[in-house]
Amino acid sequence: MRLFFALLLTIAVTPALHSQQTKSQRQKFVTPPRPVHTFSIVARDPATGELGVAVQSHWFSVGSIVPWAEAGVGAVATQSFVDPSYGKLGLDLMRTGKSGPDALRSLLAGDDGRDVRQVAMIDTHGRVDAWTGKNDIAAAGHFVGKNFSVQANLMANDKVWPAMAQAFESTKGDLADRMLAALDAAQAVGGDIRGRQSAALIVVTGKPTGQSWKDRLFDLRVDDSSEPLQELRRLVTLQRAYNHMNAGDLAVEHKDNEGALREYSAAERLVPDNAEMIYWHAVALVNMGRVEESLPLFRKVFAMDKNWAILTRRLPKSGLLPDDQKVIARILSVAQ
């Protein structure tokens, strides 16, 4: 396993020096690290500026090593005989102002194991390139399109990456939808010759806040599953719902009650039987003074699990429900 390395670079450093530095960093690591043969996509949505990576593999926890993304910087997929330092160092280089293609070339120039690598990089402007080493296990290849690249190795056939490209370009929806379509298309034409095990998807915002935890719209992993793409789609839907919940909470903070209720309702439409979402929607209604509207929601949640009624008694002390015994009693009356 390769180690992660610090890379101290400035825009003024020449390409030749980049090559010398990266090569010297890698010289002692000539043995290929663990193989993560897989299919993936890196992409940018030109309408929103969002960047993303999505991947599936017959390897445990592919999401822990292949996909990398940073808002306002770029996205990387590093696979085949995977060198994870391509992820960190690629983002480091793009952060200094290098384009995705230039960052990729710089790292390849210093890698004695480049012939067994497969890597793709895209920057925040949509400049993108990919590499498939000549010794990657067939079927292996990539396709670089406008604002995206798809790549695959150890596939059942050479139809995989063309199918991914066609699906991404023809699918409507946001970046997550389109990347999921690319993964589904890869699997539909054969996918990984060994089968399937794990998948992951990352999407970061187009406008970085400087707070990485806010910039990640999706950061999802399926580490071990017989149907990783189905599970990934379920998680994407769930994350969308929680994104609506977070937006609803923010609207409450800004005293936008109607906006908050729209967001909470949108979340419940996506996952209608999620007690957590229904419950906090009901709590928000009470705090807006709309107790009677909240009661059907409380009734539904209490029927799912009586512990929500126990929790309700505790919320006034934390300031999350009114400290009014009549209001709390009215809510708890529907627990019957």
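Predicted model: local features only at pLDDT ≥ 70, side-chain atom pairs only at ≥ 80, totals over all residues.
Local features need pLDDT of at least 70 and side-chain atom pairs count only at pLDDT 80 or more, whereas totals for chains, interfaces and linings use all residues. Residues are numbered from 1 along each chain as its sequence is written, and side-chain values use heavy atoms, with hydrogens and water left out.

Q: How many salt bridges does the structure hold?
A: A salt bridge is a side-chain nitrogen of Lys or Arg within 4 Å of a carboxyl oxygen of Asp or Glu. Glu70, Lys88, Asp92 and Arg95 are linked in a network of such bridges. The total for the structure is 18.

Q: Which residue meets Arg196 in a salt bridge?
A: Arg196 lies in the loop between α5 (175-188) and β10 (198-204), and the partner, 31 residues apart, is in the loop between β11 (216-222) and α7 (228-253). Helices (H or I, at least four residues) and strands (E, at least two) are DSSP runs, numbered from the N terminus. The N to O distance is 3.2 Å, and the partner is Glu227.

Q: What covers the buried residues of α4?
A: In helix α4 (residues 160-170), the buried residues are Val160, Trp161, Ala163, Met164, Ala165, Ala167 and Phe168. Contact means heavy atoms within 4.5 Å. The covering elements include β2 (38-44), β8 (141-145), β9 (148-152) and α5.

Q: How are α9 and α10 oriented to each other?
A: Axes are lines fitted to C-alpha atoms, for helices over the stretch in contact, and angles run from 0 to 180 degrees between N-to-C directions. The axes of α9 (residues 275-287) and α10 (residues 291-304) come within 8 Å and cross at roughly 155 degrees. Angles under 35 degrees count as roughly parallel, over 145 as roughly antiparallel, 65 to 115 as roughly perpendicular and the rest as oblique. Therefore α9 and α10 are roughly antiparallel.

Notes:
Buried < 20%, exposed > 50% of the residue type's maximum accessible area, 1.4 Å probe, protein only.
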